[in-house]
Amino acid sequence: MPRKDFHHSSEGPRTGHFGEVALPAAPSPAPAGCWHEWPADLAAYLAPEGREEDLAVELGPILARHGRLFVTQGPVREPAWVANIWRSPHLVSVSSISDAAGALRRLQRNWAPYPVHLHRRTELVREKLPHVSARPLRFPEPAPTSALGSFTLLDASTLLVSQDCSSPFPNGEVAFVEDHENPPSRAYLKLWETLTRLGTTPEPGAHCFDLGASPGGWTWVLQGLGCTVTAVDKAPLATQVASLPNVDILPESAFSLSAEALSGADWIFSDVICYPARLLKLVERLLASGVTAKFVCTVKFQGETDHETARRFAAIPGSRLFHLHHNKHELTWVRLLGVGGR
Ligand SMILES: C[S@@+](CC[C@H](N)C(=O)[O-])C[C@H]1O[C@@H](n2cnc3c(N)ncnc32)[C@H](O)[C@@H]1O
């Protein structure tokens, strides 16, 4: 298997061995060879578990791969299939476990390890670092705001580190104190994570449409936030959700709803099981009709990922497309701006 060596030139040669570079079905295999200069404009992208190929397709040419971590050169991008982005990653040569922990502590307080191999050594480094709380969030508690860096051991004497990561959670893994009694499905965790990530929730009294609502996890979340919910699904809602105040049931197909029917919505949520292209058509029709609601939609893939449709979702002005820790072979598309940038 080819190996990639990085040579760091600023303080004498330092070498960090990247693990295997081979990419399954990668469109552009990483070039062989080594650098005598550590490039300045690097970024590293941590793929969600099991979604490495999707990230590889989005990133295109990569310099190296270390487990789920893909290193690229050039401006930092925002791919959808990513759990955490490591901005400005750099190498640190270390002589021992204590030296590694000391080097990290001198850079900043909070660190999350991403171990690929050398698991025991990584754990010993982590034990010498200040404690980072792994306490699960109590929704709607906000996400932590303190900087959380990431590090991985490329070999026993080389750390790859980033002090500037996109996720405030270790390796992008968000954990919540779960409610095992009230929601009728675990899908509510996707909505909790989306709203936590957005740092906003619908206002009490907001009118929300929940498309593909059954059995009612999202409706339960929205009703709990004080919203009025129209739950759209031909399948029934669990009785404990259907009987909640301010929940109306519309046993229809989401695709038969007119823009007029949705014109009074403040938020439109969709977790409908359907092909991404069908959902995109619905969204485009509603936007073209002047629906001003905020959108949160799960884009679900079956078999091969439909990257072209994902790109078209991401290209909708004012919107974002991302992968949640609680998403499987799905992405979440959100558009918080109404028509005209409101
Ligand atoms: C993953 S489930 C939704 C789970 C829900 N968000 C929750 O929190 O419990 C997907 C739902 O989409 C519904 N569905 C499929 N096609 C639909 C359509 N055309 N219109 C409305 N709902 C549809 C299914 O009946 C199913 O209940």
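Select helix α7 (residues 276–288) and helix α8 (residues 307–314) to start: they pack at an angle of about 25°, with their axes 9 Å apart. Helices here are DSSP runs of H or I with at least four residues, strands are runs of E with at least two, and both are numbered from the N terminus. The axes are lines fitted to C-alpha atoms, for helices over the stretch in contact, and the angles run from 0 to 180 degrees between N-to-C directions. That angle makes α7 roughly parallel to α8. Angles under 35 degrees count as roughly parallel, over 145 as roughly antiparallel, 65 to 115 as roughly perpendicular, and the rest as oblique.

Before you go on, keep in mind that this is a predicted model: local features need pLDDT of at least 70, side-chain atom pairs count only at pLDDT 80 or more, and totals for chains, interfaces and linings use all residues. Residue numbers start from 1 along each chain as its sequence is written.

Back to the helix pair. Turn the view and you'll find α7 passing α8 in a left-handed crossing. (Left-handed: the near helix is turned anticlockwise from the far one by less than a right angle; right-handed: clockwise.) Which residues make the contact? Show Pro-276, Ala-277 and Leu-280 on α7, then Thr-309, Ala-310, Arg-312 and Phe-313 on α8. Residues are in contact if their C-beta atoms, placed from the backbone, lie within 7 Å. By class, the contact of α7 with α8 has five nonpolar, one polar and one charged residues. Ala, Val, Leu, Ile, Met, Phe, Trp, Tyr, Cys and Pro count as nonpolar, Asp, Glu, Lys and Arg as charged, and the others, Gly among them, as polar.

**Next stop: the seven-stranded sheet**

Now color the strands β15-β14-β13-β16-β17-β19-β18, in that order: seven strands forming an open sheet with mixed pairing. Two strands pair if DSSP finds at least two bridges between them. β15 (247–250) and β18 (319–322) stand at the edges with a single partner strand each, so one side of each has no neighbour in the sheet. Look along the sheet for its twist, which averages 15° from one strand to the next.

Zoom in on β17 (residues 294–300) and β19 (residues 330–335), which pair in the antiparallel sense over six bridges. Pick Cys-297 and its bridge partner in β19, Trp-333. Then try Thr-298, which stands opposite Thr-332 in β19. β19 also pairs antiparallel with β18, over four bridges, and here Leu-321 has Trp-333 as its bridge partner.

Bring α8 back into view. Which strands does α8 touch as it packs on the sheet? They are β17, β18 and β19, and the direction of α8 makes about 145° with that of β18.

**The five-stranded sheet**

Next, select β5-β6-β4-β7-β12, the order of five strands in an open sheet with antiparallel pairing. Its edge strands are β5 (64–66) and β12, each pairing on one side only.

Work your way across. β4 and β6 (residues 69–73) pair antiparallel over five bridges, with Leu-42 facing its bridge partner Gln-73 in β6.

Show α2 (residues 97–107) and α3 (residues 119–127), whose axes come within 8 Å and cross at roughly 50°. That makes α2 oblique to α3, and the crossing is right-handed. The contact is made by Ile-97, Ala-100 and Ala-101 of α2 and Arg-121, Leu-124 and Val-125 of α3.

Then move to α4 (residues 188–198) and α5 (residues 217–224), with axes that come within 7 Å and cross at roughly 45°. Here the contact is made by Tyr-188, Leu-191 and Trp-192 of α4 and Gly-217, Trp-218, Trp-220 and Val-221 of α5.

**Last stop: the ligand**

How many residues surround the ligand? There are 21, and the closest are Ala-187, Gly-212, Ser-214, Gly-217 and Asp-271. To count as near, a residue needs its C-beta atom, placed from the backbone, within 6 Å. The shell divides into 13 nonpolar, six polar and two charged residues.

Terms used: A crossing is left-handed if the near helix is turned anticlockwise from the far one by less than a right angle, and right-handed if clockwise. Two residues are in contact if their C-beta atoms, placed from the backbone, lie within 7 Å.
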